[in-house]
Amino acid sequence: MTRINKRHARLSHGYISIVGKDGLIITKPKRRTGGFPLRVISLMILVFFGFKVLLISQLGPQGYAERVQLLQTGTAVEQAGAYILKADPISSALADGIRKLSL
């Protein structure tokens, strides 16, 4: 009875039905994937990077640098944000390309 209850508990989280060589339908519990959500985190980084590029292209390099400089004089959270938002060569080049396209 214990073995049946354990199998039922595993199958209650999802299962896959497989047809065996003899034609018998067998249900197996789904494997738990769990782990680190790499796809979600990489998408968040990509969206953040795109937002930073759009800000640089809209404000211009000088205006963006002034706003980041203003963040550096704030609280610890604002200083951390300023460090992350600091313009890097790749985002500056992409922002320059966007600015050239919009002209």
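## Terms and model

A residue is called buried under 20% relative accessible area, exposed over 50%, and partly exposed in between (1.4 Å probe, protein chains only). Arginine 99, with a relative accessible area of 24%, is therefore partly exposed.

This is a predicted model, in which local features need pLDDT of at least 70, side-chain atom pairs count only at pLDDT 80 or more, and totals for chains, interfaces and linings use all residues. Residues are numbered from 1 along each chain as its sequence is written, and side-chain values use heavy atoms, with hydrogens and water left out.

Side chains of opposite charge can pair when their charged atoms come close. Three salt bridges (a side-chain nitrogen of Lys or Arg within 4 Å of a carboxyl oxygen of Asp or Glu) are found in the whole structure.

Asp96, Arg99 and Lys100 are linked in a network of such bridges. Aspartate 96 meets arginine 99 at 3.5 Å, N to O, and pairs with lysine 100 at 3.6 Å between the closest N and O atoms. Arginine 99 lies three residues from aspartate 96 in helix H4, about one turn of the helix. Helices here are DSSP runs (H or I, at least four residues), numbered from the N terminus. Aspartate 96 is partly exposed at 30%, whereas lysine 100 is exposed at 58%.

Aspartate 88 forms a salt bridge with lysine 52, with the closest N and O atoms 2.8 Å apart. This pair links distant parts of the chain, 36 residues apart: aspartate 88 is in the loop between H3 and helix H4 (89-102), and lysine 52 is in helix H2 (residues 38-72). Lysine 52 is buried, at 5% relative accessible area.

Terms used. Helix = DSSP H or I, 4+ residues; strand = E, 2+ residues; numbered from the N terminus.
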